Amino acid sequence: MSKPTVGFVGVGLMGHGMAKNLVSKGWPLVVLGHRKREPVEHLKSLGAREAATPRELAAQCEIVHLCVTGSPQVEATLRGPDGLLAGAAPGTVIIDCSTSNPVSTLALAEEAKARGVHFVDAPLSRTPKEAEAGTLDTMVGAEPEVFARIEPVLRAWAGNVVHLGPVGLGHKMKLINNFVAMGYAALFSEALAIARKSGLTVEQFHSVIGSGRMRSPFYDTFMQWTLAGDENAHRFTIANAHKDMRYLAAMANEAGAVNLLQPQVKNMFAAMQAAGQGERFVPMLADFIAGLNGLAPAGSKE
């Protein structure tokens, strides 16, 4: 059987690798043009076609991926006369791989359903390195028959695919996942500052935490900035982290959950973004917290 044509909106840090895996593995691919031409041109060199608008892209595709910043961008891409919904035929599946607000996700799913279109959430875990390798994790909210249809496409770019249940559960679980991750980032940053204020070095900190039970894949990528100055090991921006923590706060409020710790984590990223450092990457939170303590950047040998 021939493979369905797949669309991709958002070929940035994560989306480029995902789209590359799709076209390289034989899926006919249409990408949305963008002012950053390098990833688009690279995908076209592999055989992808380019569309000028979301509507034009949707009209050519049976399955469409979205990998954009958040809910405002997802909503703008779907709605309006040039949006995906305007061009999508009944039966089209739109997969939102962004980290989005579940309230928005459920509303968009209803709008899509009214047009005979399936809207599902499949947010991502891991980094651009795994996106390039085709080994991302994804957590999926979709009806069983829709999931069965899109699973082969997801496995073209994901090494671990977890179907959680109906639409919305993927984005809810993603926010929980990111709360745990950003909580670790906040904890490591503050622990490093306290250690250094108390006379311990970064190397001494790492010699214990990095060889004990607290070590994890997240710790390994987070610490590469402090230990080796590697800014590419964990390329997730402070602005994105702050956005995700705002979404989680809204989700907790909607659920009536008591969340004592999460506002503190959110505010660490809020403070760094307010200081004009929103485009720096999450491991650099250690530098920001060090500065609040009158210390040189965490990776400094001074």
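Good morning, colleagues. Please bear in mind throughout that the model is predicted.

I begin with helix α14, which spans residues 285–292. Six of its eight residues are buried, so α14 is largely enclosed by the rest of the structure. Which residues of α14 are buried? They are Leu285, Ala286, Asp287, Phe288, Ile289 and Ala290. As for what surrounds them, these buried residues pack against four helices: α9 (169–197), α11 (217–228), α12 (238–255) and α13 (262–277). After α14 comes Gly294, and the phi of Gly294 is positive, near 70°.

On the α9 side, the contact is made by Phe179, Met182, Gly183, Ala185, Ala186 and Glu190. On the α13 side, the residues are Gln262, Val265, Met268 and Phe269. By class, the residues of this contact divide into seven nonpolar, two polar and one charged. For the spacing of residues along a helix, a general point may be recalled: an α-helix has 3.6 residues a turn, so residues three or four places apart point the same way.

I turn now to the cysteines. How many disulfides does the model contain? The count is zero. Consider Cys67: the closest cysteine sulfur belongs to Cys97 and lies 5.9 Å away, which is too far for a bond, because a disulfide requires the sulfur atoms to be within 2.5 Å. Cys97 is accordingly in no disulfide, and its nearest cysteine sulfur is that of Cys67. Are these two residues buried or exposed? Cys67 has 15% relative accessibility and counts as buried; Cys97, at 3%, also counts as buried.

My last item is Gly87, which lies in helix α5, residues 84–87. The relative accessible area of Gly87 is 17%, and the residue is buried, because the cut-off for that class is under 20%. Gly87 and Pro54 are 33 residues apart in sequence, and their C-alpha atoms are 7.6 Å apart in space. Which residues does Gly87 contact once its neighbours within four places in sequence are left aside? The contacts are with Arg55, Ala58 and Ala59.

Thank you for your attention.

Technical notes. Residues numbered from 1 in each chain as written. Predicted model: local features only at pLDDT ≥ 70, side-chain atom pairs only at ≥ 80, totals over all residues. Heavy atoms only, no water. Buried < 20%, exposed > 50% of the residue type's maximum accessible area, 1.4 Å probe, protein only. Helix = DSSP H or I, 4+ residues; strand = E, 2+ residues; numbered from the N terminus. Contact = heavy atoms within 4.5 Å. Nonpolar A, V, L, I, M, F, W, Y, C, P; charged D, E, K, R; others polar.
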